Amino acid sequence: MTAALEVRGLKTHFFTRDGVVKAVDGVDLTIAPGRVLGLVGESGSGKSVTGLSVLGLIDPPGRIVEGSVRLEGQELVGLNREAARRVRGRKIAMIFQDPMMTLNPVLRVDTQMFMALRAHEPVPKDAARQQALAALGRVGLPDPEQCLTAYPHQLSGGMRQRVAIAIALLHSPSVIVADEPTTALDVSIQGQILQEMQRLSADTGVALVWITHDLAVVSSLAHDIAVMYAGRIVEQGPAEDVLAAPRHPYTRGLLDSVPGEAQPGKKLAQIPGSIPALVDLPPGCAFRARCSRADSACETMPEIADLGGARAVRCFHPLEGR
Amino acid sequence: MTRRDVSPATRFWMEFAENRLALAALMVVVLVVGAAVLSPIFAPQDPYDIGKLVLGDARRPPGFVGAGGYVHLLGTDAQGRDLWSAILYGLRISIQIGVTAGAVAFVVGGTLGAVAAFSGGRIEALIMRFIDLQLSFPAILLALVLSAVLGQGKWQLTAALVAAQYAYFARTTHGAAVAERAKDYIEAALSTPLSSRIVVFRHILPNCMPPLIVVATVQIANAISLEATLSFLGLGLPVTHPSLGMLIANGFQYMLSGRYWISIYPGVALIILILAINLVSDQIRDQLNPRLKR
Amino acid sequence: MLGFLIQRLLQAAAVMVVISALVFVGVFAIGNPIDVLIAPDAPQDIRLDTIARYGFDQPLWRQYLNFVSSLVLGNFGRSFVFNMPVLDLILSRLPATLELTLAALIGATAIGVPLGMYAGYRPHALGSRIVMGLSVLGFSVPTFWIGLLLIMAFAVELGWLPAGGRGDTVAVLGVQWSILTLNGWTHLLLPALTLSLFRMALMIRLTRAGMREAMMSDYVRFARAQGLSDGKVIFGHVLKNISIPLVTVFGLELAATLAFAVVTETIFSWPGLGKLIIDSIQSLDRPVMVAYLMLVAFLFIMINFTVDIAYAALDPRVRSGRS
């Protein structure tokens with residue numbers, strides 16, 4: 001079976017006046033139809049830039065310097081502007097973090113949905129309306145008719161994000177990249193939307209790349225996990241296995257700092273330090289300054305090593321598996 | 001050496017110097033201000049000493065050697081003034097008035113805006129309502145009427161300019177201070193035993209400075225332009241002390257007969273000064289705008 | 001919406017009261033108006049008589065009340081210089097100023113907004129840099145200087161266009177208009193251009209700033225992620241967003257342009273309100289000054305009022321927030 005999305009050796013660099021920021025520096029990802037991949041990392045790890053790169057939405061001074069992005073076998077890197085535009089929104093869609101900001105505040109929902117529809121095919125108004133209503137119904141909005149004529153500020157945060165998801169679904173894409181879509185929402189709404197997305201992905205076979213910093217979200221949603229650090233994937237594998245027995249010290253640290261996993265009354269573990277600036281990154285493992293297991297071997301960059309069972313880790317001193 | 005290792009001021013300067021146009025503009029500003037301040041040294045003639053003007057030298061083209069025995073580099077005006085000297089002295093007056101008006105407007109407007117932001121409630125509403133009202137009025141009209149009412153003279157003109165401009169500073173200070181006040185660190189500082197005065201002076205006002213600096217540079221350029229406009233209309237300075245605007249106005253009638261220099265050179269001097277200030281302020285504004293950072 | 005309208009109308013009325021007080025103090029209370037009315041060497045009895053006739057012997061508040069009540073009745077007095085009712089004088093000059101102001105501002109917007117959109121869309125392109133360079137220039141060169149240069153170039157050297165006056169006019173509904181004749185247009189072109197360059201620079205800069213900010217916003221990113229072309233993103237999504245602040249600016253600038261017409265009209269001998277007020281200031285024709293200021297204040301308030309309504313109509317957030 002062809003993968004819905006296959007990313008190989010992706011490098012996206014930003015050429016700023018302070019130097020070259022290697023926001024994404026060699027990322028490999030594979031995701032099959034109907035599956036959910038959780039792309040996890042702290043802010044600044046390069047996970048959002050990875051998502052934007054996949055859609056070809058990197059603006060100067062940034063650009064994709066190397067690598068390949070294949071969508072159902074079609075190469076996307078190097079497409080001209082018009083060809084890239086025809087893929088965006090039709091075969092691959094993206095939704096963003098803050099539903100307050102992602103819908104145009106001065107246009108009605110129907111105007112925005114019709115524009116999204118007509119970006120790829122001429123649709124008469126009645127048909128467009130039917131399609132929009134259907135999409136709004138599919139994401140569990142109770143009153144699609146009313147929603148269609150509303151302005152974004154008249155909707156709640158959860159409803160707005162559902163509208164955004166409906167827009168992403170309009171052309172039945174094979175992949176949706178979701179960049180922290182529930183982070184700005186209340187926890188209860190967050191749960192509803194996660195459930196909705198899981199159902200949609202299972203029903204329609206759309207592959208989801210779920211970008212988040214929240215391991216709790218990933219554990220309830222994703223089939224697979226990829227953990228990013230400083231522009232690289234440091235660990236990946238089936239979600240259950242990685243969460244149960246992380247092999248990279250960074251993944252372990254992330255898990256230990258989730259409050260729910262800690263024992264009551266005990267001090268919450270934390271990872272010392274913070275993610276390094278990505279300008280002039282010294283060679284070697286980027287995590288070594290924060291890592292208790294680091295030694296002189298870590299001054300060269302470890303390759304990502306296959307551990308069997310679809311798992312891989314980028315570390316010279318991985319933790320013991322269970 | 002990377003940029004992250006240096007102090008913010010040095011970094012600011014390095015970034016500024018990267019825009020060569022802005023750097024050149026800054027040099028022009030320094031040069032013009034220097035020449036204007038030292039104008040008695042550079043000017044061969046005191047253009048305001050009517051006794052020294054020779055009518056026989058009036059309206060002579062650039063390069064003419066007059067009764068004083070020196071070359072009139074830019075020619076002479078209708079009263080026989082050496083234009084180069086008159087321009088230098090005119091620039092001096094323009095800069096003096098522009099900077100004084102800007103500084104007074106800065107202090108008055110800044111104080112009003114800060115008082116409004118920190119008193120809140122009715123006082124704030126009253127002050128800001130009035131400021132908004134005034135801002136909806138074009139500054140030139142206000143300055144025009146005031147200078148007509150107050151009469152001619154350097155101080156009257158400065159007062160008219162201050163009245164026309166302080167409101168911009170007030171609104172900027174108020175906006176910045178309110179935004180600053182709402183930030184968490186101010187609440188944190190206020191919850192400590194520090195007196196609120198210390199919080200205002202040590203924390204809030206310094207953070208209001210960047211937008212105020214931008215407004216100040218723009219307003220000084222504006223004041224200079226307004227002064228020239230009022231003088232051009234005959235409402236600014238007395239005829240015995242012609243500023244650039246009046247030199248231009250006086251020369252206008254001779255322009256039609258081909259004696260272009262009387263109007264053109266003062267105008268060029270004026271534009272160079274205003275343009276240079278605006279270029280510098282544009283660059284500062286871009287650098288201080290966090291939304292354009294990447 | 002009705003409550004909003006009433007509230008704004010009351011505010012406007014209050015503002016007019018404040019302004020009338022300021023104008024009164026500014027024009028009548030500062031300086032001694034009696035010196036203007038009669039010769040300095042007039043005999044004492046004529047002096048006292050004039051003072052009594054104009055009410056200058058009464059307390060200031062009563063003078064102000066008299067002043068306001070005659071304003072409300074539409075009685076602005078007679079011009080000392082033209083010896084005709086001020087209101088008639090001003091109304092006869094208003095059309096010339098209006099057509100100049102509107103021509104300048106509409107021209108500035110029609111050229112400035114597209115240029116600003118381009119400069120904001122491609123901030124690093126050569127064309128944008130040129131546009132921005134020209135806008136800084138337009139921002140820096142005083143209006144009167146532009147006027148002089150244009151007269152020098154097009155009227156004196158090339159002789160293509162007239163240097164002053166209004167040219168042929170056509171009467172419509174009893175009002176004379178220059179924009180209806182070709183000759184009128186040749187007269188209008190230079191002053192309108194002079195007046196519009198500064199506004200154009202302003203429009204370019206504001207549009208560019210709004211455009212740059214909009215292009216970095218999340219809704220634009222989302223629209224691009226939907227596969228909308230840049231053209232559809234700009235004209236479908238961005239334009240309406242940036243046009244909201246631009247409408248405000250247009251209104252405020254209409255007022256400012258009206259005021260700056262003073263300079264332009266003086267240079268081009270354009271027989272409008274601006275020329276009238278300068279002449280009145282120079283001849284200390286106080287009734288005309290007062291009437292002009294009150295009229296301009298009234299126009300500004302009406303413009304601000306209209307802008308608020310337009311703002312509410314354009315921005316759904318404001319609209320529903322107040323209805």
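Reply: In strand S7 of chain A, Val177(A) is the bridge partner of Met94(A). This is a predicted model, where local features need pLDDT of at least 70 and side-chain atom pairs count only at pLDDT 80 or more, while totals for chains, interfaces and linings use all residues. Residues are numbered from 1 along each chain as its sequence is written, and chains are lettered from A and ligands numbered from 1 in the order in which they are written.

Back to the bridge: S6(A) and S7(A), the latter covering residues 175–179, run parallel and are joined by 4 bridges. Strands are DSSP runs of E with at least two residues, helices are H or I runs of at least four, and both are numbered from the N terminus. Two strands pair if DSSP finds at least two bridges between them.

Step back and you see an open sheet of 8 strands with mixed pairing, in the order S6-S7-S8-S3-S9-S10-S12-S11 of chain A. S6 (92–95) and S11 (305–308) are its edge strands, each pairing on one side only. On average, neighbouring strands are turned by 20° against each other, direction ignored. Lying across S6 and S7 of chain A is helix H7(A), residues 157–169, which runs at about 170° to S6(A). Such angles run from 0 to 180 degrees between N-to-C directions, with axes fitted to C-alpha atoms (for helices, over the stretch in contact).

Now for the helices elsewhere. Chain C has 13 helices and 2 strands, and its C-alpha trace spans about 85 × 60 × 35 Å along the principal axes. In chain C, 33 residues are in contact with 32 residues of chain B, contact meaning C-beta atoms, placed from the backbone, within 7 Å. H1, H6, H7, H8, H10, H11 and H12 of chain C each supply at least two residues of that side, and H10(C) gives the most, with 8.

Two of those helices also pack on each other: H11(C) (273–282) and H12(C) (286–314) meet at an angle of about 140°, their axes 8 Å apart. That is why H11(C) counts as oblique to H12(C): under 35 degrees is roughly parallel, over 145 roughly antiparallel, 65 to 115 roughly perpendicular, and the rest oblique. From H11(C), the contact uses Leu273(C), Leu276(C), Ile277(C), Ser280(C) and Ile281(C); H12(C) brings Val288(C), Met289(C) and Tyr292(C).

Methods: Two residues are in contact if their C-beta atoms, placed from the backbone, lie within 7 Å.
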